[in-house]
Amino acid sequence: MISLEALKQHFHKALEFYPSTERQVFFQMLCEAYLQLQPHQLVLNAKNQISEEKFKHFEMALIRLKNHEPIQYILERSHFFGLEFLVTPAVLIPRPETEELVAWILEHFKTTDAPTILDLGTGSGCISIALAKNLPNAKVFALDVSADALEIARFNAKKNNVEIHFIESNMLEWKSTQHFDIIVSNPPYVLETEQKQMKDNVLNFEPHLALFVECTSPLIYYKVLKKIAQHNLHANGLCFAEINEAFGTETKALFDEISFQNVILKKDTFGKNRMIKAQKK
């Protein structure tokens with residue numbers, strides 16, 4: 001057996017090519033998952049002996065981390081807006097920027113409101129579930145083209161005790177006569193040419209279907225989102241989307257036309273154009 005203190009030294013040495021702060025976070029997350037120890041408990045339990053079985057869990061995690069696999073996929077969990085989600089390579093890992101999008105939407109409503117919401121390209125379900133959790137009277141629909149992603153999203157809805165009406169369909173082809181108060185989407189918006197700028201932990205593990213869009217049609221999903229918003233939003237209904245910072249002006253221009261009003265481009269905490277809101281007239 002090995003002590004927790006020795007395990008920590010072994011762990012940091014094996015991953016010395018990672019920044020120290022990142023190694024520390026990885027170790028804390030694994031200790032919480034495998035040893036049920038919170039970060040503040042690690043020092044107090046430094047002399048504890050780790051069983052061979054538990055040590056094997058850490059060794060398997062090290063192998064995967066050395067291959068740059070995201071820690072969220074290793075643990076099959078991620079946190080978003082104070083909620084825990086199952087994540088696998090079938091879905092994107094929820095991002096802090098998307099939490100900002102959810103927070104922006106919630107600024108427009110009281111917790112007692114009962115809007116009808118549509119989430120296009122739901123993935124893990126993080127947006128729709130966070131909205132349903134914070135607007136308990138809302139009726140929430142969530143669409144995705146991937147059956148595997150929807151399976152994860154259904155699990156996450158049940159895990160977080162919310163009711164979501166899931167739809168398996170391609171956003172580019174979906175049609176409905178139903179109307180909504182909110183339509184939100186975080187569609188694929190990373191250009192294929194931007195792959196070379198991405199880290200291996202994203203490029204080699206996260207689903208390309210949910211990430212990338214062809215360079216010849218960078219705004220294809222936003223053009224479709226606009227059409228869906230035109231046809232399926234109630235009057236004065238709101239459309240929200242996460243966007244590619246490089247196309248903020250172009251995306252805003254799509255909605256700056258006769259069907260919409262109060263079109264706002266919003267920066268994230270890093271000062272990048274990251275979100276857009278448009279209100280249907």
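At what angle do helix H2 (residues 20-35) and H3 pack, and how far apart are their axes?

## Basis of the model

This is a predicted model, in which local features need pLDDT of at least 70 and side-chain atom pairs count only at pLDDT 80 or more, while totals for chains, interfaces and linings use all residues. Residues are numbered from 1 along each chain as its sequence is written, and side-chain values use heavy atoms, with hydrogens and water left out.

## Packing of H2 and H3

Helix H2 packs on H3 at an angle of about 145°, and the two axes are 11 Å apart. Axes are lines fitted to C-alpha atoms, for helices over the stretch in contact, and angles run from 0 to 180 degrees between N-to-C directions. Helices (H or I, at least four residues) and strands (E, at least two) are DSSP runs, numbered from the N terminus. The crossing of H2 and H3 is right-handed; a crossing is right-handed if the near helix is turned clockwise from the far one by less than a right angle, and left-handed if anticlockwise.

On the H2 side, the contact (heavy atoms within 4.5 Å) is made by Phe 26, Phe 27, Leu 30, Cys 31, Tyr 34 and Leu 35, and on the H3 side by Lys 54, His 57, Phe 58, Ala 61 and Leu 65. These residues divide into 9 nonpolar, 1 polar and 1 charged. Ala, Val, Leu, Ile, Met, Phe, Trp, Tyr, Cys and Pro count as nonpolar, Asp, Glu, Lys and Arg as charged, and the others, Gly among them, as polar.

## Packing of H5 and H6

The axes of helix H5 (residues 96-106) and helix H6 (residues 126-134) cross at roughly 35° and come within 10 Å. This crossing of H5 and H6 is right-handed. H5 contributes Thr 98, Leu 101, Val 102, Ile 105 and Leu 106 to the contact, and H6 contributes Ile 127, Ala 130, Leu 131 and Asn 134. By class, the contact of H5 with H6 has 7 nonpolar, 2 polar and no charged residues.

Because 7 of the 9 residues of H6 are buried, this helix is largely enclosed by the rest of the structure. Buried means under 20% relative accessible area, exposed over 50%, and partly exposed in between (1.4 Å probe, protein chains only). Among the buried residues of H6 are Cys 126, Ser 128 and Ile 129.

## Salt bridges

The model has 11 salt bridges, each being a side-chain nitrogen of Lys or Arg within 4 Å of a carboxyl oxygen of Asp or Glu. In one of them, Lys 56 meets Glu 52 at 3.9 Å, N to O. Lys 56 and Glu 52 are 4 residues apart in helix H3 (residues 52-66) and so separated by about one helical turn. Glu 52 is exposed, at 56% relative accessibility. Lys 110 pairs with Asp 113, the closest N and O atoms being 3.6 Å apart; Lys 110 is exposed, with a relative accessible area of 55%.

A further salt bridge joins Asp 268 and Arg 274 (3.3 Å, N to O), and both residues are buried. Salt bridges that share partners join Glu 245, Asp 268, Lys 272 and Arg 274 into one network. Arg 274 is found in strand S13 (residues 273-280) and has a relative accessible area of 7%.

## Strand S7

Glu 168 lies in strand S7 (residues 164-168) and is exposed, with a relative accessible area of 53%. The C-alpha atoms of Glu 168 and Asp 144 are separated by 5.3 Å, although these residues are 24 residues apart along the chain.
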